[in-house]
Amino acid sequence: MSRPQSQAEYLARLVPPSVAGINRRSLLAGAAGTGALLGTGLLAGCGDDSGSGGSSKDVSLGSNQSDPKPKDVLVKVTDGFKTSSGVQVAINTVDHNTFQENINNYLQGKPDDVFTWFAGYRMRFFAQKGLASDISDVWGKLSGYSDAFKKASTGDDGKQYFVPATYYPWAVFYRKSVWQQHGYQVPTTLDQFTALGEQMKKDGLTPIAFADKDGWPAMGTFDILNLRINGYQFHVDLMAGKEAWTSDKVKKVFDTWAGLLPLHQTDSLGRTWQEAAQSLQQKKSGMYLLGLFVGQQFSNDEQDDLDFFTFPEIDPAIGAKALDAPIDGYMMARKPKNEDSARKLLEYFGGKAAADINLKNDPAVLVANSGADVGGYTALQKKAAELVGSATEIAQFLDRDTRPDFASTVMIPALQQFIKNPKDIDGLTSSIENQKKSIFTD
Amino acid sequence: MSDLPLIQADRAVPPPASTTSTGGRRRRLRLLSRTDRVVITLMVLVPLLLVTGFVWLPAAATVLLSGTNWDGIGPLNEIEFVGARNYSDVVNIYPPFVPAIQHNLLWLAALFVVATPFGMFLAVLLDKELRGSRFYQTALYLPVVLSLALIGFVWQLLYSRDQGLINAVFGSSIDWYGDSNVNIWAVMVASGWRHVGYIMLLYLAGLKGVDPSLREAAAVDGASESRTFFRVVFPVMRPINIIVLVVTVIESLRAFDLVWVVNKGRNGLELISALVTQNVVGEASRIGFGSALATIMLVVSLVFITIYLATVMRENRE
């Protein structure tokens with residue numbers, strides 16, 4: 001057999017020798033090629049933790065801020081730290097999703113001294129597993145944080161493990177021009193909300209834009225209904241696996257949601273949140289329950305037309321003062337190579353200077369430190385900050401407040417199942433409860 | 001003796017007559033020099049180590065871990081064994097499992113009944129050396145070369161409910177990727193698009209290798225085109241047929257990438273491979289539970305592997 005002249009011929013030779021009398025030499029060549037491939041793959045896999053050279057004063061920062069804008073902001077913040085302390089920060093940026101998916105291996109391997117992470121159960125989980133360092137002393141030097149933020153940074157043992165940097169509240173967004181045109185008023189009760197939705201339907205609008213292709217946006221709807229119907233403490237207990245999903249309280253959440261579903265945009269399971277946000281932007285939908293980042297789908301001159309209200313009250317005894325406002329921030333690895341500098345860096349991240357740099361450069365988020373110079377906020381940001389400031393309790397979002405394995409393997413399919421078939425609430429809740437019992441074992 | 005050329009004793013190939021009398025040991029020494037033996041040892045050892053390290057050990061570890069509820073954190077000696085609980089959970093309380101099995105079987109059937117024959121059909125057409133056949137060949141093979149992320153993106157442009165090409169052209173409002181009655185078929189079309197090109201290429205290579213005199217003989221005997229193909233060409237391509245069969249089974253078992261790109265294998269697109277990934281990859285992973293799913297998949301694959309090996313070995317013996 002001669003050398004293959006084309007890919008077609010080559011592929012034809014992938015026939016095992018048992019069926020086609022293949023020549024020994026070409027078989028060996030193939031094996032050598034596979035070996036080479038494996039070799040390069042291995043090398044590529046090993047080359048990722050080499051960015052920690054330099055002087056002993058240097059500190060390394062693992063970052064999930066892979067989008068251009070936040071990545072740029074982070075560089076500016078660390079530059080500020082270098083100017084004030086003289087310590088160089090080596091930033092290792094990893095793609096956002098990859099960072100989250102590898103966090104287990106990352107933290108057990110040789111993590112960077114400081115890394116970006118989220119508040120909530122996700123933070124407490126790694127603190128409890130001993131994969132993060134206690135930074136209570138850093139908190140002793142920080143100022144400008146409300147108790148809600150401190151609580152969100154505290155682990156199960158009462159010590160702090162997290163420095164909050166930015167956050168974004170969830171609310172119901174709408175276009176002022178559309179509402180003015182139809183003369184809509186902001187609803188403050190569920191009945192008003194439902195009546196408004198019916199009116200929007202009559203006016204030819206989709207009342208509530210809705211998308212759940214990626215699985216998580218519907219969690220926001222579940223969260224807010226649960227917070228309005230059962231309150232913050234129930235949300236925390238439910239997420240911690242202490243309450244039964246088969247209870248009447250949870251069933252009432254799904255019942256209420258089932259009542260609202262006809263007002264939601266149909267076919268949500270094939271739509272991304274960006275597409276749903278665009279239906280709001282194109283004035284086809286009347287409102288959209290989402291995080292502040294919904295503004296990313298609006299052009300600069302449309303930003304002033306965007307407004308929001310917090311989800312209306314359902315039970316007067318509970319009120320409408322709790323909301324989801326996920327916090328992003330920083331944590332310290334269990335054994336940082338340069339602990340002193342790492343603590344200094346965290347202190348700087350939590351300080352006013354870092355907050356000011358964040359605020360000046362990124363209009364899509366709010367800064368956690370109240371000492372920051374908020375004069376640079378847009379009207380929308382100011383209103384969002386006020387909303388969170390007046391909130392009695394701040395939840396982190398379903399997938400940040402519960403075990404990640406429960407959120408992704410049980411809740412996402414369950415909520416999608418509910419959207420497909422809102423009638424079988426009993427079957428749904430008992431299925432969730434069975435799976436919960438199996439997951440929350442320790 | 002003097003008229004023989006001078007050669008090194010250990011490189012000499014003895015004349016056939018002497019082998020019967022001198023026995024095997026000396027003969028082997030003469031056939032293989034020291035370098036040959038080192039090379040052969042390395043060639044056996046290195047792949048053996050690679051296969052053991054990258055295939056058998058992980059497979060064994062997966063089976064072991066499927067009996068635990070390990071979350072991927074902490075030292076190995078703290079792993080807690082829970083017996084067959086993961087398996088009973090998979091079967092009894094894990095809603096995506098049954099749809100996943102069904103979808104895998106559906107996938108196999110669709111590739112086997114539709115995509116593979118269609119690829120074969122295209123290969124026969126292209127083998128006719130039509131004008132521009134190189135262009136068609138390239139066009140049809142293109143999807144096989146494209147990265148799957150790109151394929152997912154391309155089809156997203158066609159399938160998006162609000163902004164996709166199909167709904168825009170036909171004025172329909174079908175939720176191709178979101179409606180769980182439709183999306184498995186929509187994804188299978190995308191997957192078949194790729195598979196057809198692959199199969200086409202394999203068959204094209206096979207057809208080029210068929211001895212032309214066979215066709216001539218069939219033509220002389222007055223056989224029609226289709227009769228020639230089914231009675232003469234197709235049986236001759238037996239090796240290729242087996243490869244295509246195996247490729248189709250493998251493709252249907254490892255079908256994963258497209259559903260993952262679309263919606264991470266949820267809502268009507270459940271596949272065993274996607275469920276394994278959902279459980280094992282990610283923060284605070286359910287390594288034990290995911291391993292149980294992976295073991296189930298391994299067992300299913302073993303059925304096909306056994307059938308294949310049995311066929312091949314029987315053939316070798318004949």
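Figure 1. The structure shown here and in the following figures is a predicted model. Helix H15 of chain A spans residues 352-361 and is mostly covered, with seven of its ten residues buried. These buried residues are A:Ala354, A:Ala355, A:Asp356, A:Ile357, A:Asn358, A:Leu359 and A:Asn361.

Figure 2. A:Asp137 and A:Arg343 meet through their side chains in a salt bridge, at 2.8 Å from N to O. Because A:Asp137 belongs to helix H6 (residues 136-141) and A:Arg343 to helix H14 of chain A, the pair ties together parts that are 206 residues apart in sequence. A:Asp137 has a relative accessible area of 39% and is therefore partly exposed. Over all chains, the count of salt bridges comes to 21.

**Figure 3. The loop between strands E7 and E8 of chain A.** A salt bridge joins A:Glu302 to A:Arg175, and their closest N and O atoms are 3.7 Å apart. A:Glu302 lies in the loop between E7 and E8 of chain A, whereas A:Arg175 lies in strand E5 (residues 170-175), so the pair ties together parts that are 127 residues apart in sequence. Both A:Glu302 and A:Arg175 are buried. A:Ser299 is also placed in the loop between strand E7 (285-291) and strand E8 (306-309) of chain A. With a relative accessibility of 33%, A:Ser299 counts as partly exposed.

**Figure 4. Aromatic residues of chain A.** Over all chains, the count of aromatic pairs comes to 40. In one pair, the ring centres of A:Phe222 and A:Phe254 are 5.4 Å apart and the ring planes are at 45 degrees, so the pair is tilted. This pair links distant parts of the chain, since A:Phe222 is in helix H10 (residues 217-230) and A:Phe254 is in helix H12 (residues 248-260) of chain A, 32 residues apart. Both A:Phe222 and A:Phe254 are buried. One aromatic cluster is formed by A:Phe99, A:Tyr106, A:Phe115, A:Trp117, A:Phe118, A:Tyr121, A:Phe125 and A:Phe126.

**Figure 5. The side chain of A:Arg403 and its partners.** The charged end of A:Arg403 sits over the ring of A:Phe440, at 5.9 Å from the ring centre. A:Arg403 also meets A:Asp405 in a salt bridge between side chains, at 3.0 Å from N to O. A:Asp405 is buried, with a relative accessible area of 5%, and A:Arg403 counts as buried at 7% relative accessibility.

Figure 6. Chain B contains 15 helices and zero strands. Of its 318 residues, 41% are buried. B:Phe289 is located in helix H15 (residues 287-317) of chain B and counts as buried at 5% relative accessibility. The charged end of B:Arg286 sits over the ring of B:Phe289, 4.0 Å from the ring centre. Not counting residues up to four places away in sequence, B:Phe289 touches B:Thr68, B:Asn86, B:Asp89, B:Val90, B:Tyr94 and B:Asn279.

**Figure 7. The interface of chain A and chain B.** In this interface, 48 residues of chain A are in contact with 48 residues of chain B. The two chains bury about 4100 Å² between them, and 53% of this area is on carbon and sulfur atoms. Polar contacts across the interface involve 13 residue pairs. On the side of chain A that touches chain B, the elements that each supply at least two residues include helix H1 (7-12), helix H2 (24-46) and helix H18 (404-420). H18(A) gives the most to this side, with eight residues.

**Figure 8. Salt bridges between chain A and chain B.** Three salt bridges are found across the interface of chain A and chain B. In one salt bridge, the side chains of A:Lys129 and B:Asp71 meet at 2.9 Å from N to O. A network of salt bridges links A:Asp267, A:Arg271, B:Arg161 and B:Asp162.

Conventions
Residues are numbered from 1 along each chain as its sequence is written. Chains are lettered from A and ligands numbered from 1 in the order in which they are written. This is a predicted model: local features need pLDDT of at least 70, side-chain atom pairs count only at pLDDT 80 or more; totals for chains, interfaces and linings use all residues. Side-chain values use heavy atoms; hydrogens and water are left out. Rings of Phe, Tyr and Trp (its six-membered ring) pair if their centres lie within 6.5 Å; planes under 30 degrees apart count as stacked, over 60 as edge-to-face and the rest as tilted. Helices (H or I, at least four residues) and strands (E, at least two) are DSSP runs, numbered from the N terminus. Buried means under 20% relative accessible area, exposed over 50%, partly exposed in between (1.4 Å probe, protein chains only). A charge sits over a ring if NZ of Lys or CZ of Arg is within 6 Å of the ring centre and within 35 degrees of the ring normal. Contact means heavy atoms within 4.5 Å. Buried area is the accessible area (1.4 Å probe) that two parts lose on being put together, summed over both. A salt bridge is a side-chain nitrogen of Lys or Arg within 4 Å of a carboxyl oxygen of Asp or Glu. A polar contact is a pair of N or O atoms within 3.5 Å; within protein, one must be able to donate a hydrogen and the other to accept it, and residues adjacent in sequence count only if both atoms are side-chain atoms.
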